[in-house]
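Please open the model in a viewer and keep the selection panel at hand.

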Amino acid sequence: MMREEANMAKPILTGTEDVTFIPKGESLLRQGLRRFRKNRMALASFVFLVLLTLVAVFAPLIAPAHYSTDDLGATYEKPGANYPLGADFMGRDVLSRIIYGSRVSLAVAFIGALVSFLMGLGYGVTAGYLGGRWDEWMMRAVDVLYALPSLVIIILIMVYFRAGDPASFKGFKALLYEWDRAMGGMLFIFIGLGLTSWLQMARISRAEALSIRRREFMENTQAQGLSHRRVILRHMLPNILGPCIVVESAHIPLYILTEAFLSFIGLGVNPPMPSWGSMINEGYQAMRSYPHVILWPVVLLTVTVLAFNYVGDGLRDALDPRLND
Amino acid sequence: MHSYLLWRLMNMVLAMFVLATLVFFLVRALPGGPFDREKTLPPEIVKNLESYYGLDQPLWKQYLDFLWGASHGDFGPSYSSPTDSVNAIMSRHLPVSAELGMWAILLALCMGIPLGVLAAYYHNSPIDMAASFVAILGRSVPPIALSPLLILVFGLYLRWVPIARWEGPAHRILPAVALGLGLAAIFARVSRSSMLQIIREDYIRTARAKGLPERSVVFIHALRNALIPVVTLLGPMLAQVLTGTFIVEFFFAVPGLGRYFITSIGNRDYPVVMGTSLLFGVALMGLNLLVDMLYSFIDPRIRVRP
Amino acid sequence: MSQFEPQSSPAAPSRAPASAGRGSAPPGAAPLLEIENLGVGFPLHRGMIHAVNGLTLNVGRGETLALVGESGCGKSITALAVMRLVPEPGRVLTGAIRLNGENLLALSSDAMRQVRGDKISMIFQEPMSALNPVLTIGYQLLEILRLHLNLRGRPALERAEALLEEVGLPHPRRHLEEYPHLLSGGMRQRVMIAMARATEPQLMICDEPTTALDVTVQAQILELLRRLQERTGMSMLFITHDLGVVAEVAHRVVVMYGGEKVEESPSRALFNGPVHPYTRGLMDALPRTDRPVDPSYRLFTIPGVVPHPLALPSGCRFADRCFCAAGNCRATHPELTEGAEGRSWRCHFPLNRQEG
């Protein structure tokens, strides 16, 4: 697109071109917070998530029973005094399992997002900052990997992790499996998610890094002779973090659903650790006769994903309202 | 244009190669195989099985054989049903999945886009609010949650439509809805925000200044521009359709390739797993390429003159 | 004493008699466009912003009226109000806008739609974004011909080609099939002019059509507009902030400030001696080319800023920035004073009160 030079005779008078009234001295962050607060659904969702996090953290104190406590005499018991939400096919308390299941989903949401964020950000900012051939080759690798279907890959990765016989491993491998077992199977889920979801973050952070790099104030810092690290940390990152956080938080629902899917097909958490996804699978068998078993994990999963969607949207609207009118 | 196409094709070939390698080594490293049964088999039979499946060859040769076969679409026999070739299995089940995916995408387009456009046109009216709410709901009730809900409501309580298997036209309905509703919601949201943006553009003001009826302004001038971002969605959406098919086929007992893929993981039927993974990968990449080409066809600004 | 002379460049000698100060419509003829006491406001939750206040002006047949002022003075909104295209949430609060005696503001939407693009057409400031990028030039041109003139097929194509030729595009047939992004800004603006000319409108509104263009292209476009007007006798309402442009095209000038008219005058008289201090300031701010270069020469700017529309002063709106504000300027809002020869001003202490 060709550019026309601005007319030589610019507007004669200096003065405010703009009629909109900007409150004096309000920083971008405060403006953003104000807009977020006005968004009722986002606010309600945020409150819900805070409460859910508290429930997850204090699960042992809140849940009526441990998630693995079973009673084969009470299988599929309808909701009642003993079992507020009913019992599943092994007589375990659905409510307790839902509560412990929230730990899994929230852990995946936050830690999965964090891992993907850090990996992608590190890779992308480095590529964007180095520029030139480094950037070119690093991003070519990303392009090739981006074309791969991440779901298929994460399934294969999880199959690989789950199919091993832990007893036969030595050294580092054994240690990994030990940790994973202690975490109910979560470690490998984090690794799997991290390995497959950093690509988009890498692309975006690199694009942002490039655009920052081209701006004038970056030339200033280079003229001042600041070290690479200082330039990145103090000048580049603060400007990049905003949009990157917004993008990453929009991915959280995807992480939650991916984990639910993996647990659903048996590649996720290790039983008896409950995940809402594995509970849906268990509930499916008896769905027609005992719908209460499948109902609650479905509801919780939906509401949690909905909440994260609203919060993510709210964040994006708050920090860049132009995107969504 | 041609050099871009060439670059994309090269990218695709490279990616397929990486995928094939990844698939091969991940799966080969797994224990279990054609003779992972409870009963131990006599050594001669083990030897026969090994040579039948080519497992007695050195690893590098197995890899090359695999690549060679894969490039010809030949993945050998299945572990679970040794007389069935992976190819035959895939060609039986793939059309079912493809059909399901197609119905879901059609539903998404025909429901989502008009909804989004209407919501933008009647901005901030009750229609807009309702459409936005439906859109958010559709986005948040994923197939894994929507499928059981649909089965319970329509299959068990209301009994309007069948909820399992794939025998007649009525069997297509619920699975397509379960798979497509989420997509419809995404289309609705994007076409709405895109439309809202386009309506503000200068050339829309020009169109109005010409005295064009509002109908023309919206459907001819605005819509075409507004749909461009929607088309770019199709690519990433395909991956979502893929995930969804696994789940929907499971819940509704649809005999598609997704369901077969999952069960063969459980059965440790690795040739099927490898073949299907590669097939999904190739299909996804190929469709993405098609979508990119479609995009350049729709937006004249990025067409390059020969 | 005049500080500014309309330039008559040797390159276009025909320009001198045609530009500033040329006689327009014969006296007594009914004006084509009458804007009477127009008020346009934008209701925001903080208050009502009055973008245009009590504006009255006329455009005669075959005449070019320039509407001058800086950003935010209400001139563009006035133009949009004539077309009834004021963007939401703005709306016309008071007044009438008459085309050939018929009040446009009282028409139904359908009736107004028929006027738009047919009797009145408009060209805008940003040629780069004013054309639809996914439709060909030909399509965008032909749809006007089909809509207002009922032309289709071959006759329509021929007319479209003729229009493009008229505005100076070298390869009309090829351009018809091209998409806008292949054309430069100047060429796109010519296409816009062609589209505006398609129905031989009685009035063409030009909203800063050259501001976004290169200086040389600007001269060409202005030349084109002037020629079109001389040949066809259409009237033009020309919005601009640039007095240099005014000198080139306008018969009469209306100067706006803070949403109201502060001076009106035939063009030549204005440049010979402005009456309102603001107009004087605008002229002083033009870079001088008739003096030898002096290193100490500083470009003049009017000090201060435009008052905030929600905090308009109760007296003269220009008082805070006026070099000769005195007495009751800040306290009393001046009314419009009519003078001789079609001049008027809104000032308690006008300069050169009566030309000799």
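How many residue pairs are in polar contact across the interface of chain A and chain B? The rule finds 1 such pair, with both residues at pLDDT 80 or more. The confidence condition applies because this is a predicted model, in which side-chain atom pairs count only at pLDDT 80 or more.

**First stop: the side of chain A that touches chain B**

Select helices H5 (132-146), H6 (150-163), H10 (228-264), H11 (276-285) and H12 (292-319) of chain A; these are the elements that give two or more residues to the side touching chain B. Colour H12(A) separately, as H12(A) gives the most to this side, with 11 residues. Colouring by residue class then divides the residues of this side of chain A into 29 nonpolar, 4 polar and 6 charged.

**Second stop: both sides together**

Display chain B alongside chain A. In contact here are 39 residues of chain A and 49 residues of chain B. The size of an interface is often expressed as the accessible area lost when the parts come together. Between chain A and chain B, the buried area is about 3900 Å², and carbon and sulfur atoms give 79% of it.

Next, select B:Arg189 and A:Asp313 and show their side chains. These two residues form a salt bridge, with 3.7 Å between the closest N and O atoms. The count of salt bridges between chain A and chain B is 1.

Move to B:Pro169, in the loop between helix H6 (143-157) and helix H7 (170-199) of chain B. Is B:Pro169 buried or exposed? B:Pro169 counts as exposed because its relative accessibility is 72%, and the cut-off for exposed is over 50%.

Select chain C, which contains 11 helices and 12 strands. Of its 356 residues, 53% count as buried. The accessible surface of chain C is about 14900 Å², with 52% belonging to carbon and sulfur atoms. Among contacts in chain C between residues at least 6 apart in sequence, 65% join residues at least 24 apart.

Finally, select C:Gly153, found in helix H5 (residues 153-166) of chain C. C:Gly153 is partly exposed, its relative accessible area being 47%.

Definitions and conventions
Residues numbered from 1 in each chain as written. Chains lettered and ligands numbered in written order. Predicted model: local features only at pLDDT ≥ 70, side-chain atom pairs only at ≥ 80, totals over all residues. Heavy atoms only, no water. Contact = heavy atoms within 4.5 Å. Buried area = accessible area lost by both parts, 1.4 Å probe. Salt bridge = Lys/Arg side-chain N within 4 Å of Asp/Glu carboxyl O. Polar contact = N/O pair within 3.5 Å; in protein donor to acceptor, adjacent residues only side chain to side chain. Helix = DSSP H or I, 4+ residues; strand = E, 2+ residues; numbered from the N terminus. Nonpolar A, V, L, I, M, F, W, Y, C, P; charged D, E, K, R; others polar. Buried < 20%, exposed > 50% of the residue type's maximum accessible area, 1.4 Å probe, protein only. Areas by Shrake-Rupley, 256 points an atom, 1.4 Å probe, with all protein chains shown as cover.
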